[in-house]
Amino acid sequence: MSEPRQIAPATGRLGVLLPGLGAVASTVIAGVMTARRSGEAPIGSVSQMAHIRLGSRGDGRNPLIRDFVPLASLDDLVFGGWDPISANALEAARTAGVLEERDLAPISSDMEGIVAMDAVFDRDWVSRLDGFRVKTGANKMELAEALMADVESFRSENGCDRLVMVWCGSTEAYREPGAVHQSIETFEQGLEDSHIEISPSQIYAYAALQSRVPYANGAPNLSCDLPCMIELAERNGVPIGGKDFKTGQTLMKTILAPGFKSRMLGLNGWYSTNILGNRDGEVLDDPENFKSKEVSKLGVLDTILQPEEYPQLYGDISHVVRINYYPPRGDNKEGWDNIDIFGWMGYPMQIKVDFLCRDSILAAPLVLDLALFFDLAARAGEKGVQEWLSFYFKSPQTADPALPPEHDIFIQQTKLKNTLRVWMGEAPVTHSEAG
Ligand SMILES: NC(=O)c1ccc[n+]([C@@H]2O[C@H](COP(=O)([O-])OP(=O)(O)OC[C@H]3O[C@@H](n4cnc5c(N)ncnc54)[C@H](O)[C@@H]3O)[C@@H](O)[C@H]2O)c1
């Protein structure tokens, strides 16, 4: 057992700031309001519903995570956000069409009260959307300052003790990090010069970190996974993490692939295709934006299967990912996987997965958990990249950029729970011997 961490109590209100009041954001807000109102279980939320074993198997200590670590209570959450199109969370929910009117009716006035702040938005990064609730400024530094002013007004108007920010905005176009992203100094100069390589999500990340607000990135584009942001997070003592919520097909992939590997079954190919008809699907219909998603989705198999260690089993995998925008499906995505595996004496087999999922229903509990755990991390004195929250991301950021990320969802879950155990002065569970 270790000494428990000093963790400041979760007293007062926690403001959850969401850039991008779209399908995911409006679904998480509606779910929290419904849970508060009617006590409905927040299904899919590990922070709210999962238990954590403490000590040996026979000890019988298995509390809920939320009773074990000092998390903010759902009653203490206040939501806010920015959007260049949605006027408020109710309109966003209706546009997204994820939730039925019967579920929105009891919370409609509270949802309507969450009015979108004007966004920092640029069509160069999201060509399929035409935003009109958009901030203007002489340069990108002024836009960042306007966001910081929003953060402070939100904090004081809502009497928040603490804030967290989770990017739920559209996926931005794919770009490699440039010279402007290499240090705080170059980035700040870039803001002054309105450097073309600085995207809106990076301006939000900068504003959050300068406001000492933890920042998590739910989209696959570069935002806080840049040297300048890591330096700023360390300097200002703020936790960060990303990227891309792990839902749908990638969730299935990171559940199945560790199973194949555990049994030393080989893999020749994994073909994944999706049809999706929501605004996210429309944005991803642009090849530049899809590229961000593709890179994030393709990374998972290699690190789980370790082809360098197992060349006979995983040395030659054909991994293809497609997303097709198909409006009739709305948020109710369908993801098909054709998996070509092989076994004893090289005999081939196939597995077909047809996941009729609901994108935002899978993503909403992740936003809640990330908000609560990032707030916990800040109160525990953490700063910089929070690797223990890799569990939630398709393309997890590593604290040491030279190290590969961990994609196996079961290892990620163990890391999350062991981190909580250690912070609370409990022994990590290693499953060794009688433990
Ligand atoms: N739903 C999932 O399962 C899932 C999984 C992984 C990642 N994501 C990512 O989460 C994000 C949100 O997904 P969604 O389904 O809610 O999409 P959405 O299109 O419904 O919502 C995104 C919202 O962001 C707004 N927006 C765009 N640029 C903005 C900016 N600069 N500032 C503020 N707002 C901005 C848009 O107007 C839109 O309302 C997307 O990037 C998506 O790729 C979603």
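Before the first click, one term: a residue is buried if 20 or more other C-beta atoms lie within 10 Å of its own, with C-beta atoms placed from the backbone. Keep in mind, too, that what you're looking at is a predicted model.

**Stop 1: a helix on the inside**

Select residues 200-210, which make up helix H9. Is H9 largely enclosed or left out in the open? Of its 11 residues, 10 are buried, so the rest of the structure largely encloses this helix. The buried ones are Pro-200, Ser-201, Gln-202, Ile-203, Tyr-204, Ala-205, Tyr-206, Ala-207, Ala-208 and Leu-209.

Now bring up what they pack against: strands E1 (13-19), E3 (160-167) and E4 (215-217), along with helices H7 (140-157), H8 (184-192) and H10 (227-236). H9 lies across E1, E3 and E4, and it runs at about 160° to E3. Just past the end of H9, click Arg-212, where phi is positive at about 60°.

**Stop 2: the six-stranded sheet**

Those strands belong to an open sheet of six, in the order E2-E1-E3-E4-E5-E10, with parallel pairing. Its edge strands, E2 (77-82) and E10 (384-385), each pair on one side only. Zoom in on E1 and E2, a parallel pair held over six bridges. Highlight Val-16 and you'll find Phe-79 of E2 standing opposite.

Next, select residues 359-379 for helix H15. H15 lies across E1, E3, E4 and strand E5 (239-242), at about 130° to E3.

**Stop 3: the four-stranded sheet**

There's another open sheet to visit, with four strands in the order E7-E6-E8-E9 and mixed pairing. At the edges stand E7 (318-325) and E9 (348-356); each has a single partner strand, so one side of each is left without a neighbour in the sheet. From one strand to the next, the twist averages 10°.

Select 266-276 and 334-342 to see E6 and E8, which pair in the antiparallel sense over nine bridges. Which residue of E8 does Trp-270 stand opposite? Look for Ile-339.

**Stop 4: two helices crossing**

Select H1 (residues 23-38) and H4 (residues 89-96), whose axes are 8 Å apart and which pack at an angle of about 115°. H1 passes H4 in a left-handed crossing. Show the side chains where they meet: Ala-23, Ala-25, Ser-26, Ile-29 and Ala-30 on the H1 side, and Ala-89, Ala-92, Ala-93 and Ala-96 on the H4 side. That contact is made up of eight nonpolar residues, one polar and no charged.

**Stop 5: a single glutamine**

Click Gln-412, in helix H16 (residues 409-423). It has 22 C-beta neighbours inside 10 Å, so it counts as buried. Leaving out residues up to four places away in sequence, Gln-412 touches Ser-390, Phe-391 and Glu-406. Ser-390 is 22 residues away in sequence, yet the two C-alpha atoms are 6.1 Å apart.

**Last stop: zoom out**

The C-alpha trace spans about 65 × 50 × 50 Å along its principal axes. Across the chain's 435 residues, 47% count as buried.

Note on methods:
Residues are numbered from 1 along each chain as its sequence is written. This is a predicted model: local features need pLDDT of at least 70, side-chain atom pairs count only at pLDDT 80 or more; totals for chains, interfaces and linings use all residues. Axes are lines fitted to C-alpha atoms, for helices over the stretch in contact, and angles run from 0 to 180 degrees between N-to-C directions. A crossing is left-handed if the near helix is turned anticlockwise from the far one by less than a right angle, and right-handed if clockwise. Two residues are in contact if their C-beta atoms, placed from the backbone, lie within 7 Å. Ala, Val, Leu, Ile, Met, Phe, Trp, Tyr, Cys and Pro count as nonpolar, Asp, Glu, Lys and Arg as charged, and the others, Gly among them, as polar. A residue is buried if 20 or more other C-beta atoms lie within 10 Å of its own, exposed if 12 or fewer, and partly exposed in between; C-beta atoms are placed from the backbone. Two strands pair if DSSP finds at least two bridges between them.
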